Every structure is written in C-alpha cells, then in structure tokens.
Amino acid sequence: MSKFRLQSVVFVLTAFLLGCNEFMVVGVISDIAKSYHASLSTVDFLVTSFAIIYAICTPLITTLTGKFDRFKVLMVLMLIFLIGNTLTAVAPNLFWLFVSRIVTAAVAGTIISLILVFVSMIAPPIEKRAMLVASTFAGFSIATIVGVPVGTAISNAFSWRDSFALISVLTVIICGFLYWLVPRDSRQENASLSNQVQLFKDRRIILGVIVMVTLMSAEYTFYTYVRPIITTVLGFSTTNLTWLLGLIGITFILGNICAGVIANRFGITKLTVISSTVLICLLLMNAMFHVAWLGILLLCVICFVLGMPGSILQVMFLNIADREYPEAMNLASSLNPICTNVGVSIGSLTASISINFVQINQIGYVGAIYALIAVFGSLYLIKTSAN
C-alpha cells in the first residue's frame with residue numbers, strides 16, 4: 001500500500017473513531033443510567049452537552065491554534081482526547097463522566113478539522129479532492145449512525161464501559177500511525193483571528209452552514225428516539241434492534257459513498273433534491289410507521305439521503321477557503337463538524353420537548369420544519385453560487 005493510500009485510511013479511521021466516541025453514547029444511555037442509578041433524562045443531557053461544548057470550543061481552539069505547527073497541535077489534542085475518553089471508561093460517578101465528556105468534546109472538533117486540512121494538503125489535483133475529502137469526512141458522518149449500534153452491541157455483550165475502553169485502545173494505535181504519516185512542515189502563516197473570520201463574510205459559507213445545521217436538526221428530531229421507534233412504534237424485538245440499527249448504518253455509508261461522486265460531478269447543485277427528499281420522507285413517517293417493514297425501509301431511505309449533504313458541503317467549504325480565504329483553511333475544515341453538532345443539539349432538544357406534545361410516530365412532522373428551511377436554504381445557496 002502506498003503512503004498516500006495509508007494516510008487516507010488512517011485519516012478516515014481517525015474521523016470514525018472520534019465520531020464513535022461521540023455518538024455511541026446514544027446507544028448506551030439506558031445502560032449508563034442504570035449503572036449510576038440516575039434518571040434517563042439526566043443522562044440524556046450527555047448528548048446535548050457534548051454537542052454544545054463541541055460547537056463552542058471547536059472554532060475557538062481551531063482559530064487560536066491556527067498559527068502553530070499543525071502536526072504538534074494534532075498530537076497534543078489526540079493525547080488530551082485519549083485522557084478524556086479513558087476517563088469516560090472508568091468514571092466513578094456522573095460528575096466525572098460529565099467532566100470526561102467535556103474534555104473530549106472540547107478537542108474532538110479541532111482534531112477532525114486538522115485531519116481534513118491534512119487531507120486537503122496531501123490530496124492529488126483539485127479535481128480529486130472532492131472524493132478524498134468526502135471519504136475522510138464520511139468516517140465522522142458514518143459514526144453518527146454506526147456508533148449507535150456499535151455501542152449497543154458492545155454494551156450488550158460486555159458493558160458500556162468496554163465500548164469506551166475499546167476506543168482508548170484504538171486511539172493509541174491511531175496515534176502511532178498519525179505520528180508516522182502526518183506531514184511535519186505544516187505551520188499556517190498569517191492565520192490571525194481577524195483573517196480567519198473573514199470566511200464568514202462569504203454568503204455561500206453562511207448559507208451552507210444553515211443548510212447543514214437544519215438537515216442535521218431534522219435528522220436528530222427522529223434519530224434521538226430511533227430505539228423506541230424501532231421497538232415500540234414499529235414493534236420489533238430488542239434482539240432485532242442491533243442488526244436493524246446496523247442496516248440503517250449501512251445505508252448511511254452508501255449515502256456517503258454516493259456523496260463523493262455527486263460532489264465531484266455536480267458540486268452543490270443537487271442539494272435541493274436531497275433536502276426535498278428528506279422533507280418528503282419526514283412527512284411520510286407517520287403513515288408508513290403503521291407497517292413495520294415500511295417504517296424500516298423509510299428509515300433506511302432517509303438515512304441514505306442524509307449521508308450525502310455533509311461531505312458535499314464540506315468540499316464546498318474547503319474549495320472556497322482554498323481559492324479565496326487560504327488563511328482560514330483550518331476554520332473552514334471545522335465548519336461541518338460544528339454544524340453537525342449544532343444540528344444534533346437543536347434536533348435532540350427539539351425532540352425532547354416535542355415528545356411532550358406529539359406522539360413519537362408523529363415526530364417526523366416536527367423534523368419536516370427544519371427540512372423545509374433546508375430546501376429554501378439550498379435553493380438560495382445554489383443561486384448565490386451560480387451568480
């Protein structure tokens with residue numbers, strides 16, 4: 001295997017590892033609550049708090065470390081992540097569990113942004129960047145879905161602590177490969193805070209952020225309760241839960257694979273079709289959930305479609321920064337992970353509030369509001385980019 005291919009694989013695995021650390025909590029929340037004798041609503045806050053800390057700290061740390069050598073920053077942040085994740089696995093009480101999640105949330109976004117910058121640096125000519133960036137970012141995106149069944153399976157076989165212990169072991173291995181493979185000479189010049197935030201003066205960037213945040217919010221209005229949807233609403237047994245979540249995860253992976261092709265051939269021009277499909281699927285949920293297998297089919301379709309916009313928009317962010325705001329490459333590379341977590345936070349909060357007013361099988365109607373915003377946002381983005 002060539003060094004370039006090995007670098008690509010390690011970068012994908014790093015993003016996947018970080019994503020699993022964040023999202024496997026969704027699959028083990030019930031087990032965590034039982035082990036600490038805490039209410040489910042209290043432990044549920046782990047998901048929201050992680051997303052909030054992630055969204056706040058990622059742009060701050062990314063911009064503040066922009067003037068330093070990227071390799072050294074990456075290795076230091078990976079060490080902090082390892083400490084935080086290990087603390088999660090051994091946390092003696094809820095206080096230390098929350099501390100550990102804050103530590104990992106604070107650095108995870110910057111790590112992913114640095115990985116994406118390194119991908120952009122080692123990528124072949126610009127026309128090949130779309131597929132490589134999409135493949136790498138797919139590692140994180142896939143983990144938003146696959147992390148849930150992975151955590152659930154390990155927790156069912158052993159314990160929820162073993163899920164995070166495995167992440168720590170893999171982090172040590174990944175760190176070794178990163179130390180070997182990451183380019184050393186990567187200092188970013190003239191990366192002052194004022195230079196980097198110029199990126200947000202670009203209307204395309206703002207519109208892209210809006211589209212990504214609203215689509216992720218739409219996703220997590222229903223995915224926050226994907227377990228009770230499958231078991232309670234659709235009536236599948238808990239023994240079928242893991243493989244059904246895995247099936248949904250596979251469709252998300254396929255969506256990410258298609259995203260690289262779409263980004264390479266069509267750029268952002270298909271975002272309106274993607275957003276409209278999400279909207280239609282959410283509106284159909286209540287009707288299709290009356291038949292179990294139709295409900296699973298719909299979940300697979302919507303997760304397949306939702307696997308696309310993240311990579312497409314990340315490529316757009318990087319291309320705009322590369323051409324017009326080169327000093328903001330670090331910040332541009334962090335935008336999609338930030339948007340993802342803001343969307344997760346908004347979507348999960350919306351779901352937890354809405355469930356008091358609507359039945360769980362009707363939660364798609366709530367998510368459709370966010371999807372509708374994404375449709376109009378993508379239309380305006382495409383028009384702005386064309387002009």
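Predicted model: local features only at pLDDT ≥ 70, side-chain atom pairs only at ≥ 80, totals over all residues.
In which helix is N21 found? This residue sits in helix α1, which spans residues 3–36.

**The setting**

The protein chain has 387 residues, and 59% of them count as buried. Its secondary structure consists of 15 helices and zero strands. Among contacts between residues at least 6 apart in sequence, 85% join residues at least 24 apart.

N21 has a relative accessible area of 0%, so N21 is buried. Setting aside neighbours within four places in sequence, N21 contacts F50, F81, N85, R101, T104, F164 and I167. Some of these names return below: F81 and N85 belong to α3, while F164 and I167 belong to α6, and these four take part in the contact between those two helices.

I154 makes a second stop, this time in helix α5 (residues 126–157). Its relative accessibility is 15%; buried means under 20%, and I154 therefore counts as buried. Leaving out residues up to four places away in sequence, I154 touches S159, D162, S163 and L166. With L166 the separation along the chain is 12 residues, and the two C-alpha atoms lie 9.4 Å apart.

| Helix pair | Angle between axes | Axis separation |
|---|---|---|
| α3 (residues 70–90) and α6 (residues 160–181) | roughly 165 degrees | within 8 Å |
| α8 and α13 (residues 309–324) | about 165 degrees | 10 Å |

The crossing of α3 and α6 is left-handed. On the α3 side, the contact is made by F71, L74, M75, M78, F81, L82, N85, T86, T88, A89 and V90. From α6 come W160, R161, F164, A165, I167, S168, T171, V172, I174, C175, L178 and Y179. Sorted by class, the residues of this contact are 17 nonpolar, five polar and one charged.

The angle of α8 and α13 likewise makes them roughly antiparallel to each other. α8 passes α13 in a left-handed crossing. The residues that α8 brings are R204, I205, G208, V209, V211, M212 and L215, and they meet P309, G310, L313, M316, F317, I320, R323 and E324 in α13. The contact of α8 with α13 divides into 10 nonpolar, two polar and three charged residues.

**One face of α9**

Which residues of helix α9 are buried? Within α9 (residues 226–233), they are V226, I229 and I230. Viewed down the axis of α9, these buried residues fall within an arc of 90 degrees, so they line one face of the helix.

What covers the buried residues of α9? The cover includes α8 (203–223), α10 (238–266) and α12 (292–306). Just after α9, G235 adopts a positive phi of about 85 degrees.

Methods. Residues numbered from 1 in each chain as written. Heavy atoms only, no water. Buried < 20%, exposed > 50% of the residue type's maximum accessible area, 1.4 Å probe, protein only. Arc of directions from axis to C-beta. Contact = heavy atoms within 4.5 Å. Axes fitted to C-alpha atoms, helices over the stretch in contact; angles between N-to-C directions. Parallel < 35°, antiparallel > 145°, perpendicular 65-115°, else oblique. Left-handed = near helix turned anticlockwise from the far one by under 90°. Nonpolar A, V, L, I, M, F, W, Y, C, P; charged D, E, K, R; others polar.
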